[in-house]
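Let's walk through this model together, from its overall fold down to a single residue. Please keep the sequence and the 3D view open side by side.

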Amino acid sequence: MMNDILILALAWLAGAGLGGVFFAGLWWTIRNGLNCKHPALLFLGSWLLRSTLVVAGFYLVGGSQWQRWLSCLVGFIMARLLVSHLTNTSKSQQVKHAS
């Protein structure tokens with residue numbers, strides 16, 4: 001029982017890490033994509049890299065157990081919320097400093 005909880009906690013942590021990389025990468029791509037020479041190539045390459053990483057990570061973590069998949073997904077969604085909060089906070093701080 002304790003071993004199962006530890007495995008689910010690790011799956012959650014892996015999902016949070018995958019989500020953090022995915023959404024931080026998305027944020028970076030959007031911030032820098034329009035300033036580069038070939039934005040379409042950057043957006044496509046970033047999407048392919050981030051998506052491949054997340055799908056492979058979910059398969060490695062989840063295996064054939066739906067509980068691990070669900071725990072990983074919860075971590076991924078929580079990372080999305082955290083990255084969204086952090087990027088919105090930095091945006092509002094930039095607006096305050098510009099005023």
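Helices (H or I, at least four residues) and strands (E, at least two) are taken here as DSSP runs, numbered from the N terminus. Arg-50, a residue we will come back to, lies in helix 2. This is a predicted model, in which local features need pLDDT of at least 70 and side-chain atom pairs count only at pLDDT 80 or more, while totals for chains, interfaces and linings use all residues. Residues are numbered from 1 along each chain as its sequence is written, and side-chain values use heavy atoms, leaving out hydrogens and water.

The protein chain has 3 helices and 0 strands, giving the pattern α-α-α along the sequence. Of its 99 residues, 23% are buried (under 20% relative accessible area, with exposed over 50% and partly exposed in between, using a 1.4 Å probe and protein chains only). Among contacts (heavy atoms within 4.5 Å) with a separation of 6 or more, 66% join residues 24 or more positions apart.

Helix 1 (residues 2-33) and helix 2 (residues 39-62) pack at an angle of about 180°, with their axes 10 Å apart. That makes helix 1 roughly antiparallel to helix 2 (an angle over 145 degrees). The axes are lines fitted to C-alpha atoms over the stretch in contact, and angles run from 0 to 180 degrees between N-to-C directions. Residues of helix 1 in this contact include Leu-18, Phe-22 and Trp-28, and those of helix 2 include Phe-43, Arg-50 and Phe-58.

Is Arg-50 buried or exposed? Arg-50 counts as buried because its relative accessibility is 9%. Leaving aside residues up to four places away in sequence, Arg-50 touches Phe-22, Gly-25 and Leu-26. Arg-50 and Ala-24 are 26 residues apart in sequence, and their C-alpha atoms are 9.9 Å apart in space.

Finally, turn to the other side of this story, the empty space. Rolling a probe the size of a water molecule over the atoms shows where empty space is left. The lining of the largest pocket includes Phe-23, Trp-27, Arg-31, Arg-80 and Thr-87 (a pocket is an open set of points on a 1 Å grid over the protein atoms alone, where a 1.4 Å probe fits, with protein on both sides within 12 Å along at least five of seven lines; lining residues have an atom within 4 Å of a point). Helix 1 gives the most to this lining, with 5 residues.

Methods: Angles under 35 degrees count as roughly parallel, over 145 as roughly antiparallel, 65 to 115 as roughly perpendicular and the rest as oblique.
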